[in-house]
Amino acid sequence: MTNLDCPGCGSQRALHALLHGHIKEAISYNLFLLPAILIFILWLFNNSLYKYRQAHQSRVLIAITGQRLIYLYILCYLVWFIYRNIYSR
């Protein structure tokens, strides 16, 4: 509708390329898919590892759910959105 490429555009093609082992191609489709998958895997691993130790918060969980990382990720996502729609046309 807007003729703009959203930051998530190309995620499915990037995931398909990644599953076939084409990392460079996946990055060209969507730059933020790889960090998102890495953060998700770390979160999943951490939750399964510390499932029974609820009182203990690991450093990994604090790092990937911390406000600084989340704000940095959102800022980079917005910068990518602007760059993608202005300079790649």
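This is a predicted model: local features need pLDDT of at least 70, side-chain atom pairs count only at pLDDT 80 or more; totals for chains, interfaces and linings use all residues.

Residues are numbered from 1 along each chain as its sequence is written, and side-chain values use heavy atoms, with hydrogens and water left out.

Out of 89 residues, 18% are buried, where buried means under 20% relative accessible area, exposed means over 50%, and partly exposed is what falls in between, with a 1.4 Å probe and protein chains only. The accessible surface comes to about 7300 Å², and carbon and sulfur atoms account for 67% of that. Those areas come from the Shrake-Rupley method with a 1.4 Å probe, and for residues only the protein chains shown count as cover. For contacts, read heavy atoms within 4.5 Å. Taking contacts between residues at least 6 apart in sequence, 43% join residues at least 24 apart.

Let's start zooming in with Ala26, which sits in helix 2. Buried or exposed, this Ala26? Ala26 is buried, at a relative accessible area of 2%. If you skip residues up to four places away in sequence, Ala26 touches Ala14, Ala17 and Leu18. With Ala14, twelve residues off along the chain, the C-alpha separation is 4.0 Å.

Moving on to Asn30, in the loop between helix 2 (23-29) and helix 3 (33-49). Asn30 is buried too, with a relative accessible area of 2%. Its side chain makes a polar contact of 2.9 Å with the side chain of Ser11. By polar contact I mean a pair of N or O atoms within 3.5 Å; within protein, one must be able to donate a hydrogen and the other to accept it, and residues adjacent in sequence count only if both atoms are side-chain atoms.

Now for Tyr73, over in helix 5 (residues 67-86). Tyr73 is partly exposed, at 24% relative accessible area. Leaving out neighbours within four places, its contacts are Phe32, Pro35 and Ala36. Pro35 is 38 residues away along the chain, yet the two C-alpha atoms are 9.1 Å apart.

How many aromatic pairs does a search of the whole structure find? One. That's Tyr73 with Tyr77, stacked, at 5.8 Å centre to centre and 25° between the planes. The cut-offs: rings of Phe, Tyr and Trp (its six-membered ring) pair if their centres lie within 6.5 Å, and planes under 30 degrees apart count as stacked, over 60 as edge-to-face, the rest as tilted. Both tyrosines, Tyr73 and Tyr77, are in helix 5, four residues apart, about one turn of the helix. Tyr77 is partly exposed as well, at 26% relative accessibility.

Last stop, Ile62 in helix 4 (residues 59-65). Ile62 is partly exposed, with a relative accessible area of 47%. From Ile62 to Trp43 is 19 residues in sequence and 9.9 Å in space, C-alpha to C-alpha. That's my tour, thanks.

How values were computed:
Helices (H or I, at least four residues) and strands (E, at least two) are DSSP runs, numbered from the N terminus.
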